[in-house]
Number of protein chains: 2
Amino acid sequence: MCSEQVGRIISAADVSASFRDALKEKINRKQYDVKLVGYLANNDPSAEKYAEVTARSCREVGINFELRRINREHLEDTLLAANEDDDIHGIMVYYPIFGGGHDQYLQNCVSPYKDVEGLCHTYRFNMYHNIRSLDKANTLKCIIPCTPLAIIKILEYMEVYDREKPYGNQLFGRTITIINRSEVVGRPLAALLANDGAKIYSVDVKDTLEFKKDINKQKHVVADCDLKLADVLPLSDVVISGVPSKEYKISTESLKPGVVAINFSSFKNFEDNIADKAAMYCSAIGKVTVAMLQRNLLRLREYQMKNPYLPELKFY
Amino acid sequence: MCSEQVGRIISAADVSASFRDALKEKINRKQYDVKLVGYLANNDPSAEKYAEVTARSCREVGINFELRRINREHLEDTLLAANEDDDIHGIMVYYPIFGGGHDQYLQNCVSPYKDVEGLCHTYRFNMYHNIRSLDKANTLKCIIPCTPLAIIKILEYMEVYDREKPYGNQLFGRTITIINRSEVVGRPLAALLANDGAKIYSVDVKDTLEFKKDINKQKHVVADCDLKLADVLPLSDVVISGVPSKEYKISTESLKPGVVAINFSSFKNFEDNIADKAAMYCSAIGKVTVAMLQRNLLRLREYQMKNPYLPELKFY
């Protein structure tokens with residue numbers, strides 16, 4: 001416990017502050033209404049709580065957030081109506097509702113021009129293929145899912161991104177382990193960081209995969225990897241963990257001295273002594289995630305103002 | 001066991017015969033190449049076996065079937081290349097590969113103009129919304145997933161569809177129980193049969209839902225239902241079951257005399273004495289499913305010949 005190195009604790013509130021100020025200033029200056037509707041079709045108390053946090057945060061920056069409770073069997077038609085409703089600028093849905101494939105189907109029913117969470121196929125596809133805009137003129141940047149985007153913004157704040165390097169390659173030379181390969185956070189995050197030049201070890205209970213950038217393809221490629229978590233942790237400059245378990249702990253001993261550690265699980269995946277070994281540590285990212293949701297919303301609000309000059313979008 | 005009523009056994013070979021003859025005749029008459037590529041990216045022996053059956057059946061009707069074995073990490077890019085390859089007329093993929101949401105993402109990477117299985121979002125969406133064509137001129141009928149389509153064709157063969165009634169309402173007055181609510185068969189089947197006018201009880205381990213047609217919306221609506229399987233079986237003119245369990249059996253006693261029974265599980269969900277009570281019984285549907293795959297392929301082959309006059313498809 002008597003390490004000389006004491007890591008900087010990075011708080012989500014600090015990271016999100018500049019984004020929130022910028023959002024507030026922009027809404028104030030532009031004097032436009034911005035309305036976000038959250039659809040609650042389950043009886044999940046944690047969704048209710050997240051909705052309260054979102055509502056309060058939106059009030060503070062000047063966004064009109066409305067929570068609408070709805071029977072799950074009416075949700076699909078309601079989403080389609082919301083896509084066409086000019087008074088609604090952003091749509092979010094509290095998942096899980098039916099679970100599994102039915103929920104993913106619903107995610108694809110939200111128009112890319114209202115999808116603040118970036119979960120529809122258009123955005124997923126573009127993300128994996130490192131296509132950064134909806135249009136060729138590059139005026140409509142793609143929406144990135146809020147949680148992976150929050151982690152990127154935290155890495156930028158921590159200066160893990162090297163701004164001296166060219167855009168799209170600012171993580172070149174970094175080795176990053178991500179423990180979680182969910183479709184909502186772990187896999188998209190691995191792809192995004194690899195597309196920015198990092199070498200990623202993506203670890204889940206079954207296996208390890210390696211994501212890295214293919215310069216010829218200008219996007220990441222994925223390969224099977226024989227290394228285990230214990231092998232990749234000492235090699236990693238950054239370790240990002242999102243294991244939804246109270247018991248799960250990454251042993252501080254296994255980490256490289258000076259590591260950068262980010263936890264996005266609602267449980268603490270790192271041990272209490274992590275700051276003794278890490279150069280920087282962020283234990284919770286929720287506030288940055290909400291700021292990214294709001295940032296995505298404002299971006300889409302601006303796109304909607306270009307209507308009727310928006311391109312029709314292909315199925316992918 | 002001494003019932004006077006003895007049900008007709010309906011064999012999938014009989015139902016598929018006329019479709020296979022029609023396919024063979026068409027391919028012969030039109031003299032075109034038709035190539036279906038199946039991508040095998042898992043090591044699943046049952047997928048290998050299904051591929052063999054498909055290959056043999058395709059040879060018999062004059063379709064060129066090719067099985068391509070591929071590393072799962074290369075599948076996505078391979079599918080995108082196949083979408084653009086004029087020598088490939090239909091694409092099928094042996095799932096599961098990664099499982100869950102990643103597989104559904106891959107289904108959405110197949111072009112609707114090559115998607116013989118009808119699993120991409122465009123077709124799913126149109127199916128649930130009772131939109132029967134890709135174009136307004138109604139020249140490009142939507143592809144229906146093979147297994148639900150096979151069950152519809154079996155019901156037509158059994159004359160459960162009443163051809164005296166108008167198209168789109170030929171199941172009016174029928175009560176049908178479907179035991180299975182998977183995204184691949186049970187839920188789409190419930191929607192399709194309700195869109196054709198039937199009242200559906202969709203039963204799974206958790207609950208029962210009722211699907212029925214809303215005449216004003218010209219599509220089905222879904223409502224929660226308090227009835228249990230034991231309540232709905234005696235009310236049902238047709239019982240369709242797909243429970244993937246050797247132990248699961250529907251008691252013949254619980255069924256309405258003269259019921260129509262269809263099993264699409266690879267295990268027999270009905271008891272051995274089912275034919276004593278049922279008017280008609282079909283114990284396995286596989287051959288009809290393969291015929292529908294081939295029928296979808298030929299339909300898409302014809303669409304591709306309209307290129308470059310095919311409409312670009314929206315994201316849904």
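This report describes a predicted model of two chains, from overall arrangement down to single residues.

## Basis of the model

Local features need pLDDT of at least 70, side-chain atom pairs count only at pLDDT 80 or more, and totals for chains, interfaces and linings use all residues. Residues are numbered from 1 along each chain as its sequence is written, chains are lettered from A and ligands numbered from 1 in the order in which they are written, and side-chain values use heavy atoms, with hydrogens and water left out.

## Two copies, one axis

Chain A superposes on chain B by a rotation of 180°. The shift along the axis is 0.0 Å, and the RMSD is 0.0 Å. Contact here means heavy atoms within 4.5 Å.

## The fold of chain A

Chain A holds ten helices and eleven strands. These are DSSP runs, numbered from the N terminus: helices are H or I with at least four residues, strands are E with at least two. The radius of gyration of chain A is 20 Å, close to the 20 Å that the globule rule gives for 316 residues, so the chain is as compact as a globular protein of that length. The radius is taken over C-alpha atoms, and the rule is 2.2 Å times the number of residues to the power 0.38. Along its principal axes, the C-alpha trace of chain A spans about 55 × 45 × 40 Å.

Of the 316 residues in chain A, 57% are buried. Buried means under 20% relative accessible area, exposed means over 50%, and partly exposed lies in between (1.4 Å probe, protein chains only). Among contacts in chain A with a separation of 6 or more, 63% join residues 24 or more positions apart.

## Surface and charge

The accessible surface of chain A comes to about 14300 Å². Carbon and sulfur atoms own 50% of that surface. Areas come from the Shrake-Rupley method with a 1.4 Å probe; for residues, only the protein chains shown count as cover.

Chain A carries 42 positive and 42 negative side chains. The centres of the two sets lie 3 Å apart. Lys and Arg count as positive, Asp and Glu as negative; His and the chain ends are not counted. Each charge is placed at NZ of Lys, CZ of Arg, CG of Asp or CD of Glu.

## Backbone features in the loops

A cis peptide bond joins A:Tyr95 and A:Pro96, with omega at about 0°. A:Pro96 lies in the loop between strand E4 (90–93) and helix H4 (100–107) of chain A. Chain B has a cis peptide bond between B:Tyr95 and B:Pro96, again with omega at about 0°. B:Pro96 sits in the loop between strand E4 (90–93) and helix H4 (100–107) of chain B.

A:Asn130 is not a glycine, yet has a positive phi of about 55°. A:Asn130 falls in the loop between helix H5 (121–128) and helix H6 (146–157) of chain A. At 16% relative accessibility, A:Asn130 counts as buried. The loop holding B:Glu159 runs between helix H6 (146–157) and strand E5 (175–179) of chain B. B:Glu159 is exposed, with a relative accessible area of 62%.

## Helix H5

H5(B) is mostly covered: eight of its eight residues are buried. Among them are B:His121, B:Tyr123, B:Phe125 and B:Tyr128. The cover includes helix H3 (75–84) and H4 of chain A. From chain B, the cover includes H4, helix H7 (186–195), strand E8 (219–225) and helix H10 (286–305).

B:Asn126 belongs to helix H5 (residues 121–128) of chain B. With 7% relative accessibility, B:Asn126 counts as buried. Leaving aside neighbours within four places in sequence, B:Asn126 is in contact with B:Ile131, B:Ser133, B:Leu134 and B:Cys142. In chain A, A:Met127 is found in helix H5. A:Met127 counts as buried at 6% relative accessibility. Not counting residues up to four places away in sequence, A:Met127 touches A:Pro145, A:Pro188, A:Leu192 and A:Asn195.

Note on methods
Least-squares fit on C-alpha atoms with pLDDT ≥ 70 in both.
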